[in-house]
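This report describes a structure of two chains, taking each chain in turn and then the contact between them. The sequence and the model come first.

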Amino acid sequence: MAERYGAVAGADQPSRGQAVVHPSRSQWCDVAAAARADGFDQLIDLTAVDYLTYGADRGLPEGVAPERFEVVAGLLCHERRERLRLRVQVPADDPTVPTLFDLWPGSESLEREVYDMFGIVFEGHPDPSRILMPEDWSGHPLRKDYDAGQIPVQFKAASNVR
Amino acid sequence: MSITATSPSDPSAPAAGAATAEADRAAERVRRRRPSAVLRMSEAEAADIGGDPDDAAADELVLLNMGPSHPSTHGVLRLMLELSGETVLRSKPVIGYLHTGMEKTGEQLTYLQGGTNVTRMDYASPLFNELAFCLATEQLLGIDVPERATWIRMLMCELNRVSSHLLFMATNGMDLGAVSMMIYGWREREEVLRFFEKVTGLRMNHNYIRPGGVAADVPADWRTDVAGLIELIEPRLDEYDTLLTGQPIWRERLQGVGVISAAEAVALGATGPILRGAGMAWDLRRDEPYLFYDQVDFDVIVGTHGDCYDRYAIRLNEIRESLRIVAQIIEAMPSGDYRVQDKKVTPPPRSRIDASMEALIHHFKIFTEGFKVPPGEAYASVESPRGELGVFMVSDGTSVPYRVHVRAPSFVNLQTLPHLMQGGLIADGVAIISSVDPIMGEVDR
């Protein structure tokens, strides 16, 4: 892994035996496309973590500045039976990442879920809408500062106004 | 209304000068006829369509809602179908009706309590959720599970695969009008659940697989029970063959319906019987062996056409393979401990609590505070009856996970639905939803 993705931070530091690389946001599409060309034919998983209240050392490799959000993508190469995890730092004041839809169309629902739950916008996504919460919901539930105790009552009066 | 006007370069758009409203509607129809199988339309947009009773062109295309409470949608799946006559042009699965924020809840529960949460996601195969959750936790803890515990986990999971596929047999039969199959499928599944109740105390939502092992040893006469299950179910599978597999009506109804190629399935992230039905031999039990799957002999069942019939046949034969594995587990089960003897994660045995004050305190601490898990991240995946079930877990060193993400196979597999349904009839759509076998509990989480 280190020789193939040597230019990307963290390529030589596997996490518990699992290969991880830390591209920057500008490298995100290029690294993903390189992995796709390298045989990683399936995007297995895509999710995000909000590190707002994280108390421990995040263990990021040298040269990677920690940001509030992190988008994590899991790739799978069927031929070599190999996995690769991509982790990209996403700042809170500009929560956007380019979409992986053009490389793996299967990212569509997963990216919609991350948008819904974290408010991270995937630029170029064909359908950037909520998927689990109602369309007119405000807030993003999996953010650490989302107050679970203060949910407005949604269906109190049916006003039919959207 | 957020639909924008047509682009002048579009050859099928009406000539300039037509009334703007008419041009807008025509452009909208063109846009909707794009070759994509996925209908990407919000509720508000959908509500605006067909509002004009004088628009004859709008009558050609019908937007129909199927679900969320429809007997063939397996719970609360809702489909927005764009129809021309009875043919499905594009469709959009609308989900979230069962969303209860289980990943958020998972951030409040200790690692020991987490099992009770994840087990409710895929309620047809709860033990797989627990297994993936525990494998991720154990990766972070860096502990090894005793051999007997691992074999017990395999035994329970394979039996759970049998019960889950029997549930599929039942509902698939019911969806297609083979109603007697429904009774037979439930009947055999009940026998497996009876064994689960004997071992775990519950028919579903067991919380049986725990970090470090399992909650309790299997009962003394488990071999008799499991051998009895194999003896009962195997001949019944042959009866299903007689009832369905070779039956001309059944074949007519399923063959060539809902076809997907291996390349499409891979691109859309599909795993499990959908991927194998398209001809791709990929099974995590064989290709990335976890537990002791490298020590048992079984076949990965693969289809050729990628249609509903292949997906049915794969699941039926996977029951046979699972029973084959279970028979080998009866022989291979070693004696030993059913959970790791690590004071950090394992509560003391009940007998010591009466005798030792320290044991009582230890027991109390583990069940109130929980155990601390070293900081870091881990991803563990297992082959659930529906595909790759993965748990991505981030720990911050406390006794509660910082983030639990479940890669639910049904959630991702649902993306294939518009592609499987495109160009088919609504009636075939029922067969297709059934053959994707989504469990809405894990789709919505």
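Two strands are said to pair if DSSP finds at least two bridges between them. Strands (E, at least two residues) and helices (H or I, at least four) are DSSP runs, numbered from the N terminus. The model is a predicted one, in which local features need pLDDT of at least 70 and side-chain atom pairs count only at pLDDT 80 or more, while totals for chains, interfaces and linings use all residues. Residues are numbered from 1 along each chain as its sequence is written, and chains are lettered from A and ligands numbered from 1 in the order in which they are written.

**The two chains**

The table puts some totals for each chain side by side. A residue is buried if 20 or more other C-beta atoms lie within 10 Å of its own, exposed if 12 or fewer, and partly exposed in between, with C-beta atoms placed from the backbone.

| Chain | Helices and strands | Buried residues |
|---|---|---|
| Chain A | two helices, six strands | 40% of 162 residues |

Two residues are in contact if their C-beta atoms, placed from the backbone, lie within 7 Å. Among contacts between residues at least 6 apart in sequence, 54% in chain A join residues at least 24 apart; the corresponding share in chain B is 68%.

**Strands of chain A**

Along the sequence, chain A reads β-α-β-β-β-β-α-β. Strand β4(A) covers residues 82-90, and seven of its nine residues are buried, so the strand is largely enclosed by the rest of the structure. β4(A) pairs in the parallel sense with β1(A), residues 20-21, over two bridges. In that pairing, A:Val21 has A:Leu86 as its bridge partner. β4(A) is also joined to β3(A), by nine bridges, and these two strands run antiparallel. Here A:Gln89 of β4(A) stands opposite A:Glu70. The hairpin of β3(A) and β4(A) has four residues between the strands, and A:Arg81 takes a positive phi near 55 degrees in it.

**A sheet and a helix pair in chain B**

In chain B, three strands form an open antiparallel sheet in the order β1-β2-β3. Its edge strands, each pairing on one side only, are β1 (62-66) and β3 (87-94). From one strand to the next, the twist averages 25 degrees. β1(B) is joined by five bridges to β2(B), residues 78-84; among the residues involved, B:Val62 has B:Leu83 as its bridge partner.

Helices α8(B), residues 222-245, and α13(B), residues 308-332, have axes that come within 10 Å and cross at roughly 160 degrees. Axes are lines fitted to C-alpha atoms, for helices over the stretch in contact, and angles run from 0 to 180 degrees between N-to-C directions. The two helices are therefore roughly antiparallel to each other, a label for angles over 145 degrees. Their contact includes B:Ile230 and B:Leu237 of α8(B) and B:Leu316 and B:Leu323 of α13(B). By class, this contact has 13 nonpolar, one polar and three charged residues. Ala, Val, Leu, Ile, Met, Phe, Trp, Tyr, Cys and Pro count as nonpolar, Asp, Glu, Lys and Arg as charged, and the others, Gly among them, as polar.

**Where the chains meet**

The contact between the chains takes 36 residues from chain A and 37 residues from chain B. On the side of chain A that touches chain B, β2 (42-50), β3 (69-77) and α2 (107-118) each supply at least two residues. β2(A) gives the most to that side, with six residues. By class, the side of chain A that touches chain B has 15 nonpolar, 11 polar and 10 charged residues.

How values were computed
Angles under 35 degrees count as roughly parallel, over 145 as roughly antiparallel, 65 to 115 as roughly perpendicular and the rest as oblique.
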